[in-house]
Amino acid sequence: MKINQTFSLNTKIIFNPGSLNELSKLQGETALIISDKILEEIGYVKTIKGYLAEAGLTSHVFTDVRPDPDTKILADGLKIIQEIKPDVLVAMGGGSAIDAAKGIFYSAHQMLGDAFQRPYFVAIPTTSGTGSEVTDFSVITAEGDKIVLVNDYMAPDLAILDSDCVASAPRKVVIDTGMDVLTHATEAYVANDATDFTDALAEKAIRLLFENLLLIAEDINNEVARDHVHNASCMAGIAFNQAGLGINHSLAHAIGGTLHLAHGRCNALLLEEVIAFNGELEKSANNHAAKRYAKLAELLGLPARTVREGLVSYIDAIKKLKKQLGIESGFADLGIEADTYQAAIEKMAEAAMMDRCTPVNPIKPAKEELIKIYKKVY
Ligand SMILES: NC(=O)c1ccc[n+]([C@@H]2O[C@H](COP(=O)([O-])OP(=O)(O)OC[C@H]3O[C@@H](n4cnc5c(N)ncnc54)[C@H](O)[C@@H]3O)[C@@H](O)[C@H]2O)c1
Ligand SMILES: [Zn+2]
């Protein structure tokens, strides 16, 4: 057993519908809001500005973030943050906006050192997905590859979970990001650095997901279910921030970056094959990971009299959920040409091997095994 393990959370979390008004209690003179054009058009940026004005803050806005933010966005944001020197940085959006904000002020810190005054960092997620509002992670695309930055300097000081902000999300985004949450919690549960503390959060997140994701995919105005999924997203984020993720994310980063596919959808397509691989379904189905997946099946009230039965039950439950959500069964169904896919596999597997999520996977994979997973999920 490892000794002296730590569980810490650097972020204060304020939650419940309507909690956006907490912004009116912030202190400082100047704020920088980082978001994207879609959220600005919906009116969220205006609302935030209003609350910040109540707090006596003058707001500046940077809404050039696009999905899967790249180094160009970081460079543009860097100029603005250096110019404005905000006391408060508010990132509002999905993982892309929050990760971009993290990358921007982390770059400023790296470039300027102590000459850069770290702003009070507030993250407001508008997807129930990445958990970026509580993590030390930022995923940035550099020359077509997704790079995972990890540093607790980037952990938000405050996360505001106002599930009303998710009500405008399109159905596809709700499904993709919800499956991202399920992947975070599942990977955190079997990751090498999982502890009783991270397990508690992962288990709760998985339960909430299975009980509520379908409900909000059918009706995003179901406020109770929407709130549960939003909380689950944050819980899964706390869990994986400490426990780590695994090859599901490594494979998803590589394919998402290469073929420009939504992060959550990539995770969803890979999930059963990664579980089967980690749980050694084609072998004894009795290793540590298999027992953990079987435990999840048991928690969900699924048949799990043996480890193999539990493992199969968990995989089947995910399959069923995906079918109900209308998720494709492979990348071919997303319109990816066989030639394009085949030509990219080797390089994607190499990138996945190097990904920061790979070392905590319960099984150390060989490149050929990752190639096999990609082939199975086509
Ligand atoms: N930092 C982390 O810990 C972490 C973890 C997992 C994934 N990621 C990264 O996060 C990114 C994905 O983030 P995401 O899945 O949240 O999607 P996203 O931020 O890319 O958003 C997807 C689309 O949905 C729109 N959108 C978001 N919220 C909306 C709302 N409430 N109403 C209407 N439209 C809305 C956005 O404008 C965008 O067009 C990827 O780059 C992924 O690699 C980061
Ligand atoms: Zn993810």
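Helices (H or I, at least four residues) and strands (E, at least two) are DSSP runs, numbered from the N terminus. Counted that way, the protein has 13 helices and 8 strands. Its radius of gyration (taken over C-alpha atoms) is 20 Å, close to the 21 Å that the globule rule (2.2 Å times the number of residues to the power 0.38) gives for 378 residues, so the protein is as compact as a globular protein of that length. This is a predicted model, where local features need pLDDT of at least 70 and side-chain atom pairs count only at pLDDT 80 or more, while totals for chains, interfaces and linings use all residues. Residues are numbered from 1 along each chain as its sequence is written, and chains are lettered from A and ligands numbered from 1 in the order in which they are written.

**Overall layout**

- Along its principal axes, the C-alpha trace of the protein spans about 60 × 45 × 40 Å.
- There are two domains to look for, domain 1 (12-166) and domain 2 (171-376), with bounds that come from an automatic or database domain assignment.
- The C-alpha centres of domain 1 and domain 2 lie 27 Å apart.

**Where the domains touch**

- Domain 1 brings 26 residues to the contact and domain 2 brings 29 residues, where two residues are in contact if their C-beta atoms, placed from the backbone, lie within 7 Å.
- On the side of domain 1 that touches domain 2, strands E1 (12-15), E6, E7 (145-150) and E8 (158-161) give two or more residues each.
- E7 gives the most to this side of domain 1, with 4 residues.

**Around ligand 1**

- Ligand 1 is surrounded by 32 residues, and the closest are Gly94, Gly95, Ser96, Thr126 and Phe137; a residue is near a molecule if its C-beta atom, placed from the backbone, lies within 6 Å of it.
- Each of domain 1 and domain 2 provides at least three residues of this shell.
- Elements that each supply at least two shell residues include helix H4 (95-112), strand E6 (137-142) and helix H5 (171-190).
- H4 gives the most to the shell, with 4 residues.

**A pair of helices**

- The axes of H5 and helix H7 (residues 223-243) come within 8 Å and cross at roughly 35°; axes are lines fitted to C-alpha atoms, for helices over the stretch in contact, and angles run from 0 to 180 degrees between N-to-C directions.
- Among the residues making this contact are Gly178 and Val181 of H5 and Val229 and Ala232 of H7.
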